[in-house]
Amino acid sequence: MQRHWFLFFLLIILNLTTCALAEPAHDYGALPRIDARADYQGAMTDRVAYLVEQGETLSVDDVQSLVRANPVALMRPETSVLTNGINSGAIWLVANVFNPTDAPILRRVSVGTGWLERVDFFFTTEGQLPQHFVSGDRIALGHRSIAKRIPSADYPFPPGETRLLLRVETADPMVVPLYFSSIAVSHSREQSEAIFYSFVYGVMFALSAYNLMLFAGLRKRRYLFYSLYTGSFVAVTASYNGIGMALLWPDAVGWQQWAPPLLMLCFVSSGLAFATSFLKTRRYRPRLHKIIQTIGVAYFALFGAFFALDEQGLALQLAFLVVPVFTVLMLYMGVSSWTGGNQFARYFMLGTLASVIGASVTALTVAGVITYSQLGYYAVDIGMVVDAMLLMLALADLARKNKVARVTAERTAQIDLLTGLNNRRGFLPVAESLWSLVTRKDSNICVAMIDIDHFKNINDQYGHAVGDRILKKIADELDKSRRKGDLLARWGGEEFTLLLPETDEAEALNVAERFRHNIEQLVVNDCGRMIRCTISVGVASRHARHVTLEHAISKADEELYQAKVQGRNQISTGRTSDVA
């Protein structure tokens, strides 16, 4: 009995071994299986198998035969998004989709990368003809199986098992986030992307348009270059994510193939042009400026050669090579300018650092070095928005400081540097306004001209340095003695002028007398030498509506002359209506 049990056990083992070594009746069991009822919210490339074409283009039958003959030739992605580098050839994704129900289940299969050149979807079911859908940048939007920027195919999976095969080909970075979901989930994902890109492009377009208007008004080239910089970034990303083809050039297949590297050239060139203009490298770093110009010319020349040879892959590799060179140059210029004392460069450097970090994270995500995530994939857009905002702050700060400097310069031009009073240039515009206002109201107004007596003798006797000190002391005393609302200025040399709004002749004489008395009491101590000065004052009052400020000043100057003729240290007054 025990011997029979032993023989029975050997027969079972032999039967299991034979079944394991025998070729299966069908080839679905060796592949990953996807439940057609599943509604995946994110990328699920790690749930399928893939193989890379090795030079020779494979057909669906070739792949099917390979799967039957050698299933272990298929590899499994380690992450939810498959990445395979630039110009890496075509890949195939393979999986079985199982529908355990009695009714078809409609699912959308898509690859969420807008720059793939061609994506073929194949659905094969036993007993039915294979279904083929096609998409990608090499195909005009209207000729795709579904007219969408993202390669997609809608398929009602019948009951049982269906083999799903995708062939993906591109010269650009191979990034394959495979999605398997309902139409509703796919629409929701597309809306989320649309909201994100609307925000990014809205910020960029607003900054670009604003700086273009600044350039039109101010004619500063840095605003034009910044406008081109932000605008070209939008153009680059729109060409890569398929938005440009979907909205602007749906049938321009040739342009779509060459737009990304060409627009990357424009982005890099405009960015360097803005940096060199903003940081003034032509003036402060001429050698670096020439190196940047040489790099730009070399890039254009190489791109032109690759375009003539129809080497799109080489053009893309060149573009992706120049971008890191561009970021390093931008960072170097920012750091060197900041350490060189250019305070505006801090915004530039921080902004460039944000864009570099964003671009690096996206590049590493696309290359598969770091685990794929939506944040990593869109890091370049986020970094560029931060970069644009910080550079806008830099431009705004520069514009504000330029305005302050301009106002300060204008104010300085209106101030007498020795006395701190208004000079003639600062006095006349304000005085004209006050004169016009008083004239309209038909009110009283007077003008006084003041001159320091024998000031030339003071300069000759004590020297010009002492003369300047005395002039400053007298100006301070006059400024302290004037009434609030009176306008005092140094007219030139040792002469001062005083405008007295809402003041009649008698009151003007009282003010002038206070001036004369205070200066007469003023003593300047110069190394023990007590120096005293006096002033002469000429006053003119307005007594007719047609009298101008110029006429009144001329009359006050005549009265000043009379005060000097009459012996100095006194006041002379007259009416402007007396001189018509």
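Analyst: Two strands count as paired if DSSP finds at least two bridges between them. Keep in mind that this is a predicted model.

Start with the sheet. It is open and has 4 strands, in the order E3-E10-E5-E8. The pairing is antiparallel. Strand E3 (81-86) and strand E8 (152-157) stand at the edges. Each has a single partner strand, so one side of each is left without a neighbour in the sheet. On average, neighbouring strands are turned by 20 degrees against each other, direction ignored.

Now the pairing of E5 with E10. Strand E5 covers residues 105-111 and strand E10 covers residues 173-181. They run antiparallel and share 4 bridges. Which residue of E10 stands opposite Val-111? It is Leu-178.

Next, what covers the sheet? Helix H3 (residues 183-218) packs on it. The helix touches E5, E8 and E10. Its direction makes about 30 degrees with that of E5.

The charged end of Arg-189 sits over the ring of Tyr-179. The distance to the ring centre is 4.0 Å. A second case involves Arg-424, which lies over the face of Trp-491. There the ring centre is at 4.1 Å.

Phe-196 lies in helix H3. Tyr-378 lies in the loop between helix H11 (374-377) and helix H12 (379-413). The pair therefore ties together parts that are 182 residues apart in sequence. Is Tyr-378 buried or exposed? It counts as buried, because its relative accessibility is 9% and the cut-off is under 20%.

Another ring pair is Phe-267 with Phe-326. The centres are 5.6 Å apart and the planes are at 65 degrees, so this pair is edge-to-face. Phe-267 belongs to helix H6 (residues 253-279) and Phe-326 to helix H9 (residues 312-339). This pair therefore links parts 59 residues apart in sequence. Phe-267 and Phe-326 are both buried. They also belong to a cluster linked by ring pairs. Tyr-226, Tyr-229, Phe-233, Phe-274 and Phe-278 are in that cluster as well.

Helix H9 has another contact, with helix H8 (residues 286-308). The two axes come within 10 Å and cross at roughly 170 degrees. That makes H8 roughly antiparallel to H9. On the H8 side, the contact residues include Leu-288, Ile-292, Ile-295 and Phe-306. On the H9 side, Leu-314, Leu-318, Val-322, Val-325 and Met-333 are among them.

Finally, look at strand E9 (residues 160-169). Strand E4 (residues 91-99) joins E9 through 9 bridges and runs antiparallel to it. Within that pairing, Asn-99 has Gly-160 as its bridge partner. Strand E6 (residues 118-124) is also antiparallel to E9, joined by 7 bridges. Here Phe-123 stands opposite Leu-164.

How values were computed
Residues numbered from 1 in each chain as written. Predicted model: local features only at pLDDT ≥ 70, side-chain atom pairs only at ≥ 80, totals over all residues. Heavy atoms only, no water. Helix = DSSP H or I, 4+ residues; strand = E, 2+ residues; numbered from the N terminus. Axes fitted to C-alpha atoms, helices over the stretch in contact; angles between N-to-C directions. Contact = heavy atoms within 4.5 Å. Buried < 20%, exposed > 50% of the residue type's maximum accessible area, 1.4 Å probe, protein only. Phe/Tyr/Trp six-rings, centres within 6.5 Å; stacked < 30°, edge-to-face > 60°. Lys NZ or Arg CZ within 6 Å of the ring centre and 35° of its normal. Parallel < 35°, antiparallel > 145°, perpendicular 65-115°, else oblique.
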